[in-house]
There are 2 protein chains.
Amino acid sequence: VPFKQVDDLSHDSLVRRAASLVTNSSSTFLSQTTLALIDAITEYSKAVHTLISLQKRYLASLGKLTPAEEDSIWQVIIGQRAEVNDRQEACRRFESTWFTAVKLCETAAEAAYVSGAEHASVTVRTNIQLAQSQVEEAQKISRDAEKKLAETKVMEVERMSENAAALESNTEEEMPEAYLRED
Amino acid sequence: VPFKQVDDLSHDSLVRRAASLVTNSSSTFLSQTTLALIDAITEYSKAVHTLISLQKRYLASLGKLTPAEEDSIWQVIIGQRAEVNDRQEACRRFESTWFTAVKLCETAAEAAYVSGAEHASVTVRTNIQLAQSQVEEAQKISRDAEKKLAETKVMEVERMSENAAALESNTEEEMPEAYLRED
C-alpha cells in the first residue's frame, strides 16, 4: 500500500508540474500576442493621426493651391488612407490571435486548478487581467484617434461646401465678364 | 517602410514561436494526464478482477465453511469493495483532469493555427487522437471487468438462493428428528 501511495502522489505531482509548464508557456504566448497587438494598435493610431494632420493641412490650404499642388497632396492623403487600412487590418489579425491567447490562458488556468496547481492558476489569471487592461488602454488611444478623424471628416465636408460655394459665387461673378468677352 | 516590415515579421515569428511552446507543453500535460488516467483505469480493473475472484472463491465454498471462516472471507471482500470504490474515484478524478487536458490541447492547436504555426497545430491534434485511442483502449478493459463483476453478482444471487433453499430443506429434514428428541 505505501508503494501505491507514492505512485499515486507521483502521478499527481507530474500532472501538477506539467500543468504549471502549460500556464507558463500560455502566459508567454499571451504576453507576446499582447505586445504584438498593442504595437499594432499604436502604429494604427499613429497612422490615423498622420492622416488627420495631412487632411487638416489640405483643408487649411484649400483655395490657395494650384490644381497640380492639390493633386499631389491628394496622392499623399490617398497613400496614407491605404496605410491606415493596412494598420487596421494588422490590428484585426493580432486581435484574433490575442483573443485565442486569452481563451488559452483561461483553459490553462482551469487545467492548473483541476490539477491542484492553484498558485499557477492564480498567476495566469492575474496575467490575463493585466493583458486585458493593457490592451484596453491601447484601444482607448486608437478610439480617440478615430474620433478625431471623424471630426476632421465633418470639418472637411464643411470646408468643401464653403469652398464650393465660394467657387460658385466666383464663377457667377466671373461669368458675366467671360460672357461679355465672348460676346 | 522596410524597417516596419521587419518589425511586423518579428512580432509574427515571436507569436508563432510562443504558440509552438504552448503546443509542446500542452502535449506534455496531455501525455502526463493520459498516463495517470490509464494507470488509474488499469489499477481499477485489477481491483475489480481481484474482487471477482474473491467472490467466486466465496461462492465455490458456500456451505463448506464455518461461520468464522465465512465471516473472515466477507471481511476481505468488503475491504476489496472499498478498494474498488477508491480506484474508481481516482479514475474519475484523473478523467476530469484528462478532459481538461484534451480541451487545452484543442485550444492550443487553434492558437497555433491562428498564429501561423500550422505544423505545431497538426502535431498537437495528432497527439489528441493518440491519447483518445489509448484511453479508449484502457476503458474497454475496465468495462469488460465491470461486465464480469455484474455476471458474478448474478451468479452470487443464484448460489445464495440455492444455498438458502438447501439450508431450509436441511432444517426441514432435521426438524422431525429434533422434534422427536424433544418429545
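Me: Why does R93(A) count as partly exposed?

Reply: The relative accessibility of R93(A) is 38%. Buried means under 20% relative accessible area, exposed over 50%, and partly exposed in between, with a 1.4 Å probe and protein chains only. R93(A) therefore counts as partly exposed. This is a predicted model, in which local features need pLDDT of at least 70 and side-chain atom pairs count only at pLDDT 80 or more, while totals for chains, interfaces and linings use all residues. Residues are numbered from 1 along each chain as its sequence is written, chains are lettered from A and ligands numbered from 1 in the order in which they are written, and side-chain values use heavy atoms, with hydrogens and water left out.

Me: What makes the pair D12(B) and R93(A) a salt bridge?

Reply: The N to O distance between the two side chains is 3.2 Å. A salt bridge is a side-chain nitrogen of Lys or Arg within 4 Å of a carboxyl oxygen of Asp or Glu, so the pair D12(B) and R93(A) qualifies. The pair joins two chains, because D12(B) lies in helix α1 of chain B and R93(A) in helix α2 of chain A. Here a helix is a DSSP run of H or I with at least four residues, a strand is a run of E with at least two, and both are numbered from the N terminus. D12(B), at 17% relative accessibility, counts as buried.

Me: How do you know that D12(A) and R93(B) meet in a salt bridge?

Reply: Their side chains come to 3.2 Å, N to O, and the pair crosses from helix α1 of chain A to helix α2 of chain B. D12(A) has 18% relative accessibility and therefore counts as buried. R93(B), at 38%, counts as partly exposed.

Me: Why are E43(B) and K46(B) said to be separated by about one helical turn?

Reply: They are three residues apart in helix α1 of chain B, which means a separation of about one helical turn.

Me: What makes S26(B) a buried residue?

Reply: The relative accessible area of S26(B) is 0%, so the residue falls under the cut-off for buried. S26(B) is placed in helix α1 of chain B. Leaving aside residues up to four places away in sequence, S26(B) touches V22(A), L104(B), C105(B) and A108(B); contact means heavy atoms within 4.5 Å.

Me: How much area is buried between chain A and chain B?

Reply: The buried area is about 3000 Å², and carbon and sulfur atoms give 64% of it. This quantity is the accessible area (1.4 Å probe) that two parts lose on being put together, summed over both. In chain A, H11(A), F29(A) and L104(A) lose the most area to chain B, together 17% of what that side buries. The contact takes 35 residues from each of chain A and chain B.

Me: Which residues touch the most other members of the largest nonpolar core?

Reply: They are F29(A), L30(A), F29(B) and L30(B), in a core of 82 residues. At least two residues of this core come from each of α1 (2-60), α2 (67-114) and α3 (118-182) of chain A and the elements α1 (2-60), α2 (67-114) and α3 (118-182) of chain B. A nonpolar core is a set of buried Ala, Val, Leu, Ile, Met, Phe, Trp, Tyr and Cys residues joined through side-chain atoms within 4.5 Å. Beyond four places in sequence, L30(A) touches residues including W98(A), C105(A) and I128(A).

Me: What elements does chain A hold?

Reply: Chain A has three helices and zero strands, running α-α-α from the N terminus on. Buried residues make up 36% of its 183 residues.
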